[in-house]
Amino acid sequence: MTWPTFWKTHTWQTQLLKPLSAITCQIARRRFHKFQKQPSDFSPRPKVIVVGNIVVGGSGKTPFIQWLGQQLNRAHIPFGIISRGYGGQAEHYPLEVEKQTPASQAGDEPLMLKKHFECPVVVAPKRRAALQFLTQHYPQVSVVIADDGLQHFALPRDFEVVLMDGDRGIGNGLCLPAGPLREPIQRLDFVDAVVVNGAQPDSLPRQGWGFWQNLPSEKKFGMQLTPVRFRSVLAPQKTLPLEAFNQKPVVAMAGIGNPPRFFKTLQQLGAEVEAHPLKDHQAITPQLLQALRSDSEKPLLMTEKDAVKCEGFNKTQTAHWLKNAWYLEIAPEASMALWQKIQVVLQKGK
């Protein structure tokens, strides 16, 4: 989601909302302390890796899960993914996501992950229910990745990873609604790994990142998202090289947590970008595409997360507006030292 300006600094709005912010922090602390005293669990169950964040908005959780899934595949470790399925509305839960499940039911991120991996993906508002469903129907799965389950304390966990946006960090460092924090920054003291997206751990500025300097080095990791190629939205097997839009005017849209990051990437690739930031998880409709592109011949660039939301269209009616529409394929790369740390936890109790 787009952050209001006062989340990045201290303004009169910040001061006005500070009392409510203190209440949010207090409630979050109380819930976490209760979890510490009585952690949720059930047996038998697979190992659970929770991937989440402590700030509102995108931080790179989905690309990180892509990277983690790749490591599990290479190690021949059977895994599954559970998620809230935000942005989707199914008739029943838990819902097992198939490759043909509409994003309007599954949510954009679970559908995107299902298309990347031959593994079970289950969504439910209650992640514990999703975990129980997956465990019951796929007993061979030995690891479950829980997308955005950090604050979902009904969910057992063996390893917690927090993603942090390298551009925005924690903003003004205050809890909602005066700032972007879901929990006090001290919550990072209790997680297993903090991954900063888009920056190297040792290159972050001291200003605004004081909390980072205080974290132990064995807990700090980086992740980079490398552009690979463009793929056609209508026919993903059709590709274009990264330089295809160099010095060319394009229309770009992004319904992700931090749209400017995507537009900046396109500009670095040489495109002349007409930027249209959307709300995170915003539905894509033919009417929206038409409003964005008065000229259907002009290239339309989007993220893969947005592209999966275009698959449910009646292609005969929308092919005109998806003509010359492309999504940017990216390759996430995180520290192998983090993978080694995760492997140690996965080996425990075997």
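Select Asn324. With a relative accessibility of 27%, Asn324 counts as partly exposed, because that class lies between the 20% and 50% cut-offs. This is a predicted model. Asn324 sits in the loop between H10 and S13.

Leu322 belongs to helix H10, residues 315–322. Is Leu322 buried or exposed? Its relative accessibility is 1%, so Leu322 counts as buried. Draw a C-alpha to C-alpha distance from Leu322 to Tyr86. It reads 24 Å, for two residues 236 apart in sequence.

**The strands**

Select residues 47–52, strand S1. Five of the six residues of S1 are buried, so this strand is largely enclosed by the rest of the structure. Which strands pair with S1? One is S5, residues 143–147, which runs parallel to S1 and is joined to it by five bridges. Pick Lys47 and look across to S5: its bridge partner there is Val143. Another is S6, residues 159–165, also parallel to S1, with four bridges. Here, pick Val50, whose bridge partner in S6 is Glu160.

Stay on S5 and show its side chains. Five of its five residues are buried, so read this strand as mostly covered. Val143, Ile145 and Asp147 point one way from S5. Val144 and Ala146 point the other way. S2 and S5 pair in the parallel sense over four bridges. Gly80 has Val144 as its bridge partner in S5.

**Backbone stops in the loops**

Select Asp148, in the loop between S5 and S6. Asp148 is not a glycine, yet its phi is positive, about 60°.

Jump to Gln247. This residue lies in the loop between strand S9 (239–240) and strand S10 (249–254). Gln247 also has a positive phi of about 60° although it is not a glycine. Is Gln247 buried or exposed? At 63% relative accessibility, Gln247 counts as exposed.

Now select Tyr93 and Pro94. The peptide bond that joins them is cis, with omega about -5°.

Select Leu176 and Pro177. The peptide bond from Leu176 to Pro177 is cis too, and its omega is near 0°. Pro177 is in the loop between S6 and strand S7, residues 193–197.

**Helix H1**

Select residues 12–37, helix H1. How far apart are its end C-alpha atoms? They are 38 Å apart, and this agrees with the 38 Å that 26 residues should span at 1.5 Å a residue. Zoom to Lys18. A kink of about 50° lies at this residue, shortly before the proline Pro19.

Then colour the buried residues of H1: Thr14, Ser21, Cys25, Ala28, Phe32 and Phe35. Keep the helical repeat in mind while you look. An α-helix has 3.6 residues a turn, so residues three or four places apart point the same way.

**The largest pocket**

Finish with a surface view. Rolling a probe the size of a water molecule over the atoms shows where empty space is left. The largest pocket has a volume of about 1,300 Å³. Which of its 49 lining residues are closest to the centre? Select Gly58, Gly60, Ile256, Gly257 and Lys305 to find them.

Show them one after another:

- Helix H2, residues 61–74
- Helix H4, residues 108–116
- Strand S8, residues 220–232
- Helix H7, residues 259–268
- Helix H9, residues 304–307
- Strand S13, residues 325–334

Which element gives the largest share of the lining? H7 does, with five residues. Colour the lining by class as the last step. Its residues divide into twelve nonpolar, 22 polar and 15 charged.

Methods: Residues numbered from 1 in each chain as written. Predicted model: local features only at pLDDT ≥ 70, side-chain atom pairs only at ≥ 80, totals over all residues. Heavy atoms only, no water. Helix = DSSP H or I, 4+ residues; strand = E, 2+ residues; numbered from the N terminus. Buried < 20%, exposed > 50% of the residue type's maximum accessible area, 1.4 Å probe, protein only. 1 Å grid on protein atoms, 1.4 Å probe; cavity = no way out; pocket = protein on both sides within 12 Å on 5 of 7 lines; lining within 4 Å. Points joined across faces, edges and corners; volume = space filled by probe spheres on them. Nonpolar A, V, L, I, M, F, W, Y, C, P; charged D, E, K, R; others polar. Pairing = 2+ DSSP bridges. Expected span 1.5 Å × (residues − 1). Bend = angle between axes of the 7 residues up to and from the residue.
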